[in-house]
Amino acid sequence: MVRNFAGPAPALGVGIGWRAEIDTAVERLPGLDWVEVVAENLCPDGLRAGLLPESLRVLRERGVTVVPHGVSLGLGDAGQPDRARLARLAVTAEALGAPLVTEHLAFVRAGGHEAGHLLPVPRTRDSLLVVAENIRIAQAELPVPLALENVAAQLAWPDDELTEGQFLAELVERTGVRLLIDVANLHTNHVNLGLDIAAELDRLPLEAIAYVHIAGGRLLDGVWHDTHADPVGEPVLAVLAELCARTAPPGVLLERDDNFPPPYELAAELGAVRAVLSRAPQVRHV
Amino acid sequence: MSERLEYVVRADGDAELVLARERLGRGQTELLAALVGGAPVPAGFDPAQVRRQAAGLAAKRRDTVARVEPEPARLLGPAYGPLFLRYAALHPPEGGYRADARAFAAWALAQPGTEPHRPALTAWLAPPGGRRRWARRRTA
């Protein structure tokens, strides 16, 4: 069994996804503990030269933790992760002084096509072998621990042998990878694919959780769309509460990617997250 | 086992992993071809789920192209969304979002209903004096 976490996951607190469109609003959010930035949106040459977007520089100077979040590495691709992409992610993590980097349990390209988004991997023995090896390759190239995120899916593979929770638990066991649990994605898979959220949370190795994602979405014709462009609603907050009833996550991060509201609404959403955290029993699995 | 695979297995030493990559790659290639390339839904999948995922990818692509290259969406106004989805159903993404935006604009020029927008789209595709905004000023 591999458990190569370097001690307990660092405490992050409550944060928000930094986006250029809301940079000054993010800087002024009261009580903001940390931010996450989409790794592909930063220029690696600039980072090598010590250049950060002004707003991120201001946040770093203030001691706000910045975590790079990759979306295009393809750890669930059939091929090995691309070394150049990994090198850029490593440079980004170092330039930001990040305590960890995160990516997804997803495939993003195959047969010469780019998906343009995160697609679920089949949860079979074959893909366990491949994804575990891809994670090991990534871990060897990255200067800090890696955490892997569960994805929102609109489809299920016909030959799945494990649930996503079981699959993630196997990956933790085999590679020591940490987990980024997206509660909005759990809700999406509950509505669209019939996932039993409580049972899924029970299958997750809670001690491996590095942090939690939360985001708003929208129900259209019985299908949940994980838009990141709507306010976080009660059903998604309820999934966060389910998770917090089992463990106190080291961090929670609000993702908002479009249709940006005024700063006070973002602050209120972070407040709603803090309220859920404060009602939960403070059990920390380490 | 194909000759190529036998070679790969001997060369790599971890036959199980190589074969797993090969099988996983086949399944992912078939699914992605159905999602972005209009290929048939692979056996065993729920066709309604595959259609929904395909629609999700096309919508994401439409929005990302509009963010990366806002001009075609601005010029076409409300016609942009429906037009782009028709284009996406016929053309798998290639060469990144900027190239996608240009390929879309070129395709849109030939579509019925875009007549009023054609001069502006044409000018955006090939502005007089070249695409200065793409030029990079280099200093020694």
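In chain A, the buried residues of helix 7 pack against strand 8 (178-182), helix 8 (197-203), strand 9 (209-215), strand 11 (223-225) and helix 9 (234-244). Here, buried means that 20 or more other C-beta atoms, placed from the backbone, lie within 10 Å of a residue's own, while 12 or fewer makes it exposed and anything in between partly exposed. Helices (H or I, at least four residues) and strands (E, at least two) are DSSP runs counted from the N terminus, and two residues are in contact if their C-beta atoms, placed from the backbone, lie within 7 Å. This is a predicted model, with local features needing pLDDT of at least 70, side-chain atom pairs counting only at pLDDT 80 or more, and totals for chains, interfaces and linings using all residues. Residues are numbered from 1 along each chain as its sequence is written, with chains lettered from A and ligands numbered from 1 in the order in which they are written.

Helix 7 (residues 183-193) itself is mostly covered, with eight of its eleven residues buried. Among them are A:Val183, A:Leu186 and A:His187. Just past the end of this helix, A:Gly194 has a positive phi of about 75°. Leaving aside residues up to four places away in sequence, A:Val183 touches A:Val212, A:His213, A:Ile214, A:Val236, A:Val239, A:Leu240 and A:Leu243.

A:Val183 also turns up in the largest nonpolar core, a group of 102 residues, as one of those with the most contacts inside it. Such a core is a set of buried Ala, Val, Leu, Ile, Met, Phe, Trp, Tyr and Cys residues joined through C-beta atoms within 7 Å. Helix 2 of chain B gives the most to this core, with seven residues.

As for the contact between the chains, 29 residues come from chain B and 22 from chain A. On the chain B side, helix 2 (15-36) and helix 3 (47-68) each supply at least two residues, and helix 2 has the largest share, 14 residues.

Over in the strands of chain A, strand 2 (residues 34-38) has four of its five residues buried, so the rest of the structure largely encloses it. Strand 2 runs parallel to strand 1 (residues 13-18), with four bridges joining them; strands count as paired if DSSP finds at least two bridges between them.
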